[in-house]
Amino acid sequence: MRVSAVALAASLAGCFATVTAPPAGSRPTEQAQEFVYRDQTWRMDSHADLFNGNDFRARRRAIFENYVANSAEGQRRAKEAGSTVAADVWHTLTPEEQTTFLAITSGLATIEHPANKNTLLDWIDLLEEIRGLRQEPDGSVQGSHVYRLYAKLTKAAATLIAGGRADFVNTVTKKRLDFGGLGSTHDDYCASGKFELQRPTQNHPHLQFNLTSTSCCADIDIDYIRPPLPAHFRPDNSNVLIAAHLNTFAKQYIRPGFGLKP
Amino acid sequence: MILRILSLMCLALSAPVVQQPATTLSAEMAQRLVDAPDVKGLFAGSQAEVVTLLRTYPDAARTWQLDPQLTQSDAIKDSELFDYFLLRTNAVLACGIAMQSQSGARKLDEASGSVDVLIKPLEGKSTVGAWSIAPACGAIVDADGDDARIRTRADFDRARTLFQPFTNSARLGLQSMTASDRQTAMENLAALSRRAGVGAGAEPEMAKYLARFEPAAVRSRPFATLRLYLATIRGAEKAVFAAPLNQ
């Protein structure tokens, strides 16, 4: 989906002009942070609360550390941050990038394979890109290119998804669910052309994988607006930093580590 | 005839948004939707392909919330399965039109994104037990708002009951529009299709499941609030499946 340059300029101005960076000074990993996004004040847990713990947060931390160490984008961010410490790189991400990462990783951690208790978060082999709102080189914004993670999945995960027969449990709602979806319309970030498959989980809001099974390359996002509502085709469809979206997220998934300030 | 209807549909909905007299393809297309050949006419010669996909391609069954184990059983006749597909497909299309009529079918302004104001969600007006229809008619949802799954013959009957009156009310909404409003509505829906990407995409996976029909190719393209799947079989292109427009 493409949005005109005029509309985009207005939209971007509306977004970024209202994002207030965390205050400089004290080491930001030690305390919760507040930021303003589109005239609303949000609160994000401390870095320690987001990444430390014996639960899914340990896996989340490992994924982010691997991203900083081994992905091209993570290495570039580390270079720009002047540090290879994952916590330092984390604080160079925009609020949209941070919350996209946190929401998707929480969502993936919520969906469990009943047989082995692995979650979909275990499927990520290497996180390669974290996308917030991003313009294309021509100034447009494509809805299928924003608010998502690009990742290489494990071979076993790609095979399972491609097989299209999966039976999972949502550990928050306690419901069983599987995948739906026909062919993908999203651009494959690893190759020219489209991804081979599209697999949304059959809950709402749903996690959606667009995947090429041979390369294991995938884009993962969360669709907050049901198709074929027009808003589904707008970039904000996958943006969790909208109060209504976060509310629906909270009914399905583990708390991501941020929310509107009470 | 089917090919002609399809050509008119695709041409009308992929055309640039420009002011046109009421006698143009857009108006003709809108008239066809009112007169009801629409989805049923489009798929009139495609029952074998549609049923094959629903019975053998699990993702095609899931698209319309059918559990593949159910469609692979003999609990549902081919004709019933095909009618269910037509009912759901028609509901998505009619609902897209009805969303337009609710808003007065004003011409959208793509630059400002006002399509979201003009095409408002049409809330489900039909419930059966805990099931209801999601806004825009793309899904049946349970009491929690999650997608329902049709696992049994009883579920199947419940789903058909759910959609029957809703589809009729959507049609009435369309029929109440003036020809001019109808044209604007169709143009707005064409703009929605463009948002989803007008270009036709190859569908090799679907072609695999249609192999016994020996399709030369299977491609998909947006059409209003639907994604149509078109196959070239024995030199002629025909519609072989549809799904709610998605991204």
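## Around the largest cavity

The residues lining the largest cavity split into 7 nonpolar, 12 polar and 4 charged. Keep in mind that this is a predicted model. That lining is made of 23 residues, and those nearest the cavity's centre are A:Pro200, A:Pro227, B:Thr63, B:Pro244 and B:Asn246. Two or more lining residues come from each of these elements: strand S10 (197-200) in chain A, plus helix H5 (58-63), strand S6 (226-233) and strand S7 (236-244) in chain B.

How much space does the largest cavity hold? It's about 400 Å³. Searching the whole structure turns up 4 cavities of 30 Å³ or more.

## Nonpolar cores

Now for the cores. The largest nonpolar core has 60 residues, and the ones touching the most other members are B:Phe43, B:Phe85, B:Ile150, B:Met206 and B:Phe241. Helix H7 (residues 78-102) of chain B is the top contributor to this core, giving 11 residues.

Leaving out residues up to four places away in sequence, B:Phe85 touches B:Phe43, B:Val50, B:Leu54, B:Trp64, B:Phe241 and B:Ala242. There's also a second, separate core of 58 residues, with A:Phe35, A:Val68, A:Ala109 and A:Phe258 among them.

## A sheet in chain B

Chain B has an open sheet of 3 strands, ordered S1-S2-S3 with antiparallel pairing. Strands S1 (127-128) and S3 (140-141) of chain B sit at the edges with a single partner strand each, so one side of each has no neighbour in the sheet.

Strand S2 (residues 131-133) of chain B pairs with S3(B) over 2 bridges, in the antiparallel sense. Which residue of S3(B) stands opposite B:Ser132? That's B:Val141.

Key. Residues numbered from 1 in each chain as written. Chains lettered and ligands numbered in written order. Predicted model: local features only at pLDDT ≥ 70, side-chain atom pairs only at ≥ 80, totals over all residues. Heavy atoms only, no water. Core = buried A, V, L, I, M, F, W, Y, C linked by side-chain atoms within 4.5 Å. Buried < 20%, exposed > 50% of the residue type's maximum accessible area, 1.4 Å probe, protein only. Helix = DSSP H or I, 4+ residues; strand = E, 2+ residues; numbered from the N terminus. Contact = heavy atoms within 4.5 Å. 1 Å grid on protein atoms, 1.4 Å probe; cavity = no way out; pocket = protein on both sides within 12 Å on 5 of 7 lines; lining within 4 Å. Points joined across faces, edges and corners; volume = space filled by probe spheres on them. Nonpolar A, V, L, I, M, F, W, Y, C, P; charged D, E, K, R; others polar. Pairing = 2+ DSSP bridges.
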